[in-house]
Amino acid sequence: MQAKKRYLIVLSAGACLALLVYLGAARLPAAGRSRHDRSRRSQQPWPHYSDPLHRFQPREQADTEEFNLHTSPRQKKELSTSAYRGRRCRMDSCFDFSACHRNGFKVYVYPQQKGEKISESYQNILSSIEGSRFYTADPGQACLFVLSLDTLDRDQLSPQYVHNLKTKVQNLPLWNDGRNHLIFNLYSGTWPDYTEDLGFDIGQAMLAKASISTDNFRPNFDVSIPLFSKEHPRTGGERGFLKYNSIPPFRKYMLVFKGKRYLTGIGSDTRNALYHVHNAEDVVLLTTCKHGKDWQKHKDARCDKDNAEYDKYDYKEMLHNSTFCLVPRGRRLGSFRFLEALQAACVPVVLSNGWELPFSEIIDWNRATVIGDERLLLQIPTTVRSIHPDKILSLRQQTQFLWEAYFSSVEKIVLTTLEIIQDRVLEHGSRSSLMWNSHPGGLFALPQYSGYQGDFPFYYATLGIKPYPKFTAVIHAVSPLVSQSQPILKLLVAVAKSQYCAQILVLWNCDKPLPAKHRWPATAVPVIVIEGENKVMSSRFVPYETIVTDAVLSLDEDTVLSTTEVDFAFTVWQSFPERIVGYPARSHFWDSNKERWGYTSKWTNDYSMVLTGAAFFHRYYHHLYTSYLPTSLKNMVDQLANCEDILMNFLVSAVTKLPPIKVTQKKQYKETMMGQSSRASRWADPDHFAQRQTCMNKFASWFGGMPLIHSQMRLDPVLFKDQVSILRKKYRDIERL
């Protein structure tokens, strides 16, 4: 009997043990995977997008001790049913592509409601959208919708906080549970928790949000934007502060930081520990307790010493004279220090675990920043000292490119956000990583033109390719063909004789009917005559399908050029395919008396424009002029029948950050003047010069600054004007009168 009892006891114990092993085995893989994911995230803060996307799991915020401490049951319920309801949203599940495919990528901004206050920063965002090529005033044409209700500051303690936003949003007739809506936000949550909840149900809307965490970020749906101040310029913005590349690339300080020290609460741990690595020599990390109304109530024994040390240093002097700049988290994950360091060419050392860096979907931040770990603060000085000088120089140069391409103004931040979403929406595919992370950046490399980098002139050097060795001449004709001795016919013959000419396109912008084919001279290359779109000035820069060569020779009908001059200018352009290369040069200057930009046609050694009446440039700039520039500027050009050449120079200089190139012409060169009654006599019009002055300032306003760059370089043929035999000269006709 006792043996039977012992047998039952052993059997029961074995069954219990087996059950425990089974339950433990079921939980171990999940726990192990969770530990693996956490350790991998700490070792690789920068996400690798070649890895497959893991299923997006909502954060169990309600289970955290801090959340339970400061949040009422009612608030927990509201959060769980609002902010996190759209957690699983992705483009394929929460976005309607039909309107985008039907009408293109158009963005509609809701009209501002009476009595609703909008902060200056949000107004700048809305103005940037309304001034872009994406904007539409027709909601029926829209692919994306942006609220006029200010959602930037959702901190309940802020004076910019908009109350009753939940009701206001739900009452919008086009809201549709947030589908195809984009919400901009800089600040969310409030003291003491600073959660990422916006205080209203965003439904299926996308977020363009600053300080967003990797836990709450919905990959390929949300867009992480930088935290920027209300003083951030709407357009243009200052250029980066890297004036020259010093070798070796070291500055006075190795690592600096100056900012608030939070004595308690979220974000205080890292900043309270900075004094451990501060050495007051090449590592200067300064914090102050002087912030908030009652900081003295919470001051600790170290505050007085920290405050005194803090006051000894000037922040800007440190910023511009340090190799690395520490960017620790504040109350929220993002910080103003991030953009300040980028502009100053001070390599950001990011200490903000879990922060989804701005525009992480397209920017490779490993090429411009150092990603640290808050838990390994003491290792930071050793880490940055071990970085090779060549790597430091590369990091610093990339900070300047990223700052100027995507972050120097509110407009660039907004346009980058929209371009990222457009890449997801359009069927033709997105821009490559090379396009986003190399000069001139994704904003100037339009995928509607091509998805292959080799089709863009500014990637030729990187890819090691050369442009097609022929050109298409585009002659802009505005005068009727009444005589066989007109300049356009002489020009056509001279250009057609060029060994590099593939074809000639005559753009007929004249009010008279097209001339008969026999009126044009016989040439060895095809001559195609087409009528310009609406016969306006901008039509000369339309990307006509007839143009198949990389190079375009843009010509006015009254231009006087010899075959030799055409050949020489083309050979020069082949070495500088991203720039405008040509003959007639002009310049700009700042008129301090009138406080505006001036335009001059005086012949000097200094120039900043090469007019498109006789110039080579890449055909991509036809596409960029037509698709990138706003309708307002092109309408101005068409109404004045003037300034299209200035606008093209503005555009190319804005893209390249380089001046055009002037080449040598004959000893006695002058622009042919047509009769006063002809539309081609623009140069004789007394209002012509005044109009060009006005254009300069209008264009500079839209670009947010003056993109034109002065140059004194002029390229001449070898032995040009030397006292040697004319037979030794390749371009001998340039020597002659």
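Predicted model: local features only at pLDDT ≥ 70, side-chain atom pairs only at ≥ 80, totals over all residues.
Residues are numbered from 1 along each chain as its sequence is written. Local features need pLDDT of at least 70, side-chain atom pairs count only at pLDDT 80 or more, totals for chains, interfaces and linings use all residues, and side-chain values use heavy atoms, with hydrogens and water left out.

Two packed helices are described by the angle between their axes and the distance between the axes. Helix 6 (residues 120–130) packs against helix 15 (residues 410–425) at an angle of about 60 degrees, with the axes 9 Å apart. Here helices (H or I, at least four residues) and strands (E, at least two) are DSSP runs, numbered from the N terminus, and axes are lines fitted to C-alpha atoms, for helices over the stretch in contact, with angles running from 0 to 180 degrees between N-to-C directions. Helix 6 and helix 15 are therefore oblique to each other (angles under 35 degrees count as roughly parallel, over 145 as roughly antiparallel, 65 to 115 as roughly perpendicular and the rest as oblique). Contact (heavy atoms within 4.5 Å) involves Asn124, Ile125, Ser128 and Ile129 of helix 6 and Val410, Glu411, Val414 and Leu418 of helix 15.

Helix 14 (residues 389–407) also packs with helix 15, at about 80 degrees and with axes 7 Å apart. Helix 14 is thus roughly perpendicular to helix 15.

Turning to the sheet, 3 strands form an open, antiparallel arrangement in the order 19-18-20 (strands pair if DSSP finds at least two bridges between them). Strand 19 (596–600) and strand 20 (609–610) are the edges, each pairing on one side only. Strand 18 (residues 585–591) is joined to strand 20 by 2 bridges, and Ala585 has Val610 of strand 20 as its bridge partner.
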